[in-house]
Amino acid sequence: MAGGPGGDAFGDMPFVIGAGVNQDRDLIVMTQRGTLYAQPNLACPELDRFNAEAVGLRYDAPSTGRRLVRATKQCRDRLAGEGIDLSAYNTTENAADFADLRKALGIHRWNVYGYSYGTDLGLTYLRRHPQGIRSLAIDSVVPPQIVSLPWTWDSAQEGIDTIFAACAAQPACRTRYPNLSRTLTQQVRRLEAHPLTVTAQPPAGGAPVKVVLDGGALVNLLVGNAVPAVDVPAALDELAHGNPERFARARAAGATPVIGEFAYGLTQSVACSEWVPGYSQADLLTAGRRAFPGWPDSVLGQAPQLPFQHEACRVWNVPDRTAVQRVTTVSNVPSLVLSGTFDAKTGARWGAYAARTLFRSTTVLIPGIGHWVVPQSPCAASVLTSFLTRPTAPDTRCVAGLTPKPFTIVPALEKS
């Protein structure tokens, strides 16, 4: 079960195969309703084009929000005009599709693996259709009963703070990059007050593009793991000394999306019916201030990775489904719960939170890994494959010796 919501599950197949899960069993991958290759496909080229332009705009400026909402409305109007019922694209229906697939294939029991939004989906599937599920493995966990816009700030704080603590635990990093939390706050405040406009080449190549770095853009690059965690202390130090190149190149990567690949229509239908309702803009700002005191309200007023979502949901206009979706999954089905300590999208502590009511679960924390653990950690991949063989007693011995990789250390620069 792929992430997003809106990600292409078929595109994820090489990563899952690379983890070895199909060495001695079949791997079945189904693209979720509304995603690439599904009929209909809820792609939003309008939003792809906005995202390409947005790298040259202030991340959290009201004018940027208006452009985002306009693109969202254009996509919605087009899809609705094609007769698509956008309210049918939700996690309840999504889970039922997988239950139907098992029956259609005549499979008595199978194992289920999901990451990111796929864990929200997997937990919903287990709660609503437990029949035929031999085991559930969830990676980078989004608990259905807790996910909301304010929740994103909690995860951002946990992931970023854990990266900084790992640097402090390595003598070379601690000596070279002291007080990273203070450095980040200074740079968020500085860039929000005086955004940088630079030219940067997208990592995938192509012509250089204009990039704007403000405080919101900096935070979202960190939350999105756009700069590898091992490079984050060096990147922040360079930024503080007048060299924004690492962050600028990471921001430039957004200038070259594959138009139509990601199903933003599914993202909006799920987020607007299940994640956004029940919490106000003030609730979001309060959560941001609690996570990062001293940061500008203009940054904290936008959920990491989901800016201007309240406004977008007003035009997307799907019914509130929180009553049926914000429900805890309670189960005795053997479960594996995987989290990476550097995950700033779905903070690691939420894996343990979900596991509290999965009574035959094994919780595994992988140090120094960010979002979507299995493809990044050979140890996590081996734990997953052993779990599939013995769901109640996976071999987790490899975890004990793991530590975060050494952080990148670059020579000190004079402040410009």
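In this predicted model, Asp77 and Lys73 form a salt bridge whose closest N and O atoms are 2.8 Å apart, a salt bridge being a side-chain nitrogen of Lys or Arg within 4 Å of a carboxyl oxygen of Asp or Glu. Both residues belong to helix α3, where they sit four residues apart, about one turn of the helix; helices (H or I, at least four residues) and strands (E, at least two) are DSSP runs, numbered from the N terminus. Asp77 is partly exposed at 40% relative accessibility, and Lys73 is likewise partly exposed, with a relative accessible area of 41%. Here buried means under 20% relative accessible area, exposed over 50%, and partly exposed in between (1.4 Å probe, protein chains only).

Residues are numbered from 1 along each chain as its sequence is written. Because the model is predicted, local features need pLDDT of at least 70 and side-chain atom pairs count only at pLDDT 80 or more, while totals for chains, interfaces and linings use all residues; side-chain values use heavy atoms, with hydrogens and water left out.

| Salt bridge | N to O distance |
|---|---|
| Asp77 and Lys73 | 2.8 Å |
| Arg176 and Asp237 | 3.0 Å |
| Arg58 and Asp214 | 3.5 Å |

The side chains of Arg58 and Asp214 meet in a salt bridge at 3.5 Å, N to O. This pair links distant parts of the chain, 156 residues apart, with Arg58 in the loop between α2 (45–54) and α3 (62–81) and Asp214 in the loop between β4 (209–213) and α9 (215–223). Arg58 is partly exposed, with a relative accessible area of 29%, whereas Asp214 is buried, with a relative accessible area of 0%.

A salt bridge of 3.0 Å, N to O, also joins the side chains of Arg176 and Asp237. Arg176 lies in helix α7 (residues 171–176) and Asp237 in helix α10 (residues 232–240), so the pair ties together parts that are 61 residues apart in sequence. Both Arg176 and Asp237 are buried.

Thr183 lies in helix α8 (residues 180–193) and is buried, with a relative accessible area of 16%. When its neighbours within four places in sequence are left aside, Thr183 is in contact with Pro178, Leu236 and Ala240, contact meaning heavy atoms within 4.5 Å.
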